[in-house]
Amino acid sequence: MPDSQEYRFQVNLSGMIDILSNHLYSSPRVFLRELLQNATDAITARMDLDPSHRGEVFVELAGRGADATLLMQDNGIGLTEEDVHEFLAMIGHSSKRNGTELLGETSFIGRFGIGLLSCFMVSDEIVMLTQSASGGPSIEWKGKPDGTYTIRKLETSLTPGTKVYLRCKPETDFYFESETVELDLLHYGALLPYPIRLSAEGREHRINPEVPDWIVRPDLAHGSPDEVLRFGEKMLGERFRDFIPLRTSTGRTGGIAYILPHAVNLSAKRSHKVYLKRMLISEQADNILPEWAFFVKCLIWTDELQPTASREHFYENEQLERVRGELGEAIRDALIHMSEQDQTRLRRIVELHALSMKNLAVEDDTFYRMIHRWLPFESTYGHKTLGELIDEKQTLYYTPTLDHYRQLRHVASAQSMLVVNGGYIYEAELLESLARILPGTDVRRLLPEDVSLAFTDLNPEERSATLQAARAADLALQRFRCRILLKRFKPEELPALFTLPEEAATLRSIERASEESPQAFASILGSLGGSLQGEASSYSILYLNLNNPVVERMFTGQSTSRLSTLIEMLYANALMMGHYPMSRSELALLNKGILSLIDWSMESEKGE
């Protein structure tokens, strides 16, 4: 068998440029970001050699339309001829040589070797003049999208640093307009620690502001609250009223979490501006904070996270998970501090972002214990905070579902029972765990029998007088496995209350699913339901209120042959009042009862 022959991959640079333009980067305008990043890496590398060095970037625009050109110049470390061959001509080659990072710890050229290639999206040629700070001749490098390049040693020496010249190619002149370039330079480089100067249309000015001290040390932000809030409005486009400084334990990630001035939907897309070594990486980072922190919008700067190839997001790895956890912990600690030192401020935030606070409280007992008094709930005593409800010094009942609360709130309220709606997201979990964080608090899940215990039984004379009618009424609902119980309760305008014990609820769900399922599956559900039907606990209960004038007439007045139909209508009405889904037979019952009432009304008019 002949020996196999080794071949080398060939790279179609034109095809790669197309990939960069249409798939890797979100927009051709990122070429400015890549040039700024290269300048940042070069300045950082030179400052490593000379800490007293002061970096600067100069951008110049000349010409208009198809004749527009752009120059970007930095006073960084520059490149030798060897560096040019190694870093600009070898895509993906590492910038480490003998274990030393040549162009900065997070150099994008060194890591991916494609940063400068983004310029081919807007120019058919890249011209670079560079002078290494370590000496040697000045170099001119010219690159084309077909993968060819030339190098020429200049006779005159330049000052250390790099100049990149671009001439716009057809249909890209928009990216060379002075207004566009100014906005993009500020967009990507607002936090860079050295000046970016732009010369265009006969005017030269600085683009980025002086970096305030609290950018380096977020813990100083509270000393300049107005400045921090104005900065947030400028960078994030919203007018904020409060903020929380952020900082990880390493100090390599920090930022400002601005409290959103309006309530937000739980499913709303979360987006934050994140800067890597002061360069904007993403303005839509949605994985930098825990999901519960959707009530803040952040400016975050870091030098410890790893960007993706497009440098518009971060890799989801252990490092990002740690940073995300520590930033979330910083927000949590700030809220706990407010609960101890500034309760008015905390209450204002909780009222606006209650859902997020409840989410965090579910996950963290310590936080729940600190913040519980300000969490709002709906109850039979009105919309109140949990602290106000606890101060009532009553048994605090709660319902696990919204429908359950709707079914029982009027009756419970009439009996002066304190019932809290636990049917919204996180609320049942919080109420269930309340006794754990506040020992001695009397919190109970509300059951139908809890409400019925407050009902008044009939006296012996009333039971005797209504016995025959009650039996007839009970018989009318047997086919629905529902028992009739006559009681007296408030409010008197409520004629009936339908309650469903747990086993009865299970059986009801099985039967309803069976009606809507294919025949084979319905038979399986039917066999499951059959095993429950014989149990007494599988019966629902319809409480009829003798305090209601209509019900009282039905059972203590003159007997009527229409009692069964009237009971069936009360049953259907109670189901609807309780928001219970109705079976086909119950819907048919409702329809039959309505037609009967119409018929009786018409017959009554004839008699008159």
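**Aromatic pairs**

Searching the whole structure turns up 11 aromatic pairs. Rings of Phe, Tyr and Trp (its six-membered ring) pair if their centres lie within 6.5 Å; planes under 30 degrees apart are stacked, planes over 60 are edge-to-face, and the rest are tilted. One of the pairs is W214 with F231, which is edge-to-face, with 5.3 Å from centre to centre and 85° between the planes. This pair links distant parts of the chain, 17 residues apart: W214 belongs to helix 6 (residues 213-216) and F231 to helix 7 (residues 225-236). Helices (H or I, at least four residues) and strands (E, at least two) are DSSP runs, numbered from the N terminus.

The model is predicted: local features need pLDDT of at least 70, and side-chain atom pairs count only at pLDDT 80 or more, while totals for chains, interfaces and linings use all residues. Residues are numbered from 1 along each chain as its sequence is written, and side-chain values use heavy atoms, with hydrogens and water left out.

Next comes burial. Buried means under 20% relative accessible area, exposed means over 50%, and partly exposed is in between (1.4 Å probe, protein chains only). W214 has 3% relative accessibility, so this residue counts as buried. F231 has a relative accessible area of 11% and is therefore buried.

A second pair is F243 with Y258, which is tilted because the ring centres are 6.4 Å apart and the planes stand at 55°. F243 is in strand 11 (residues 243-247) and Y258 in strand 12 (residues 253-259), so the pair ties together parts 15 residues apart in sequence. F243 is buried because its relative accessibility is 3%. Y258 has 0% relative accessibility, so Y258 counts as buried.

Ring pairs can also join into a group: F480, F498, Y571 and Y580 are linked into a cluster in this way.

The charged end of K358 sits over the ring of F377, 4.3 Å from the ring centre. The criterion is that NZ of Lys or CZ of Arg is within 6 Å of the ring centre and within 35 degrees of the ring normal.
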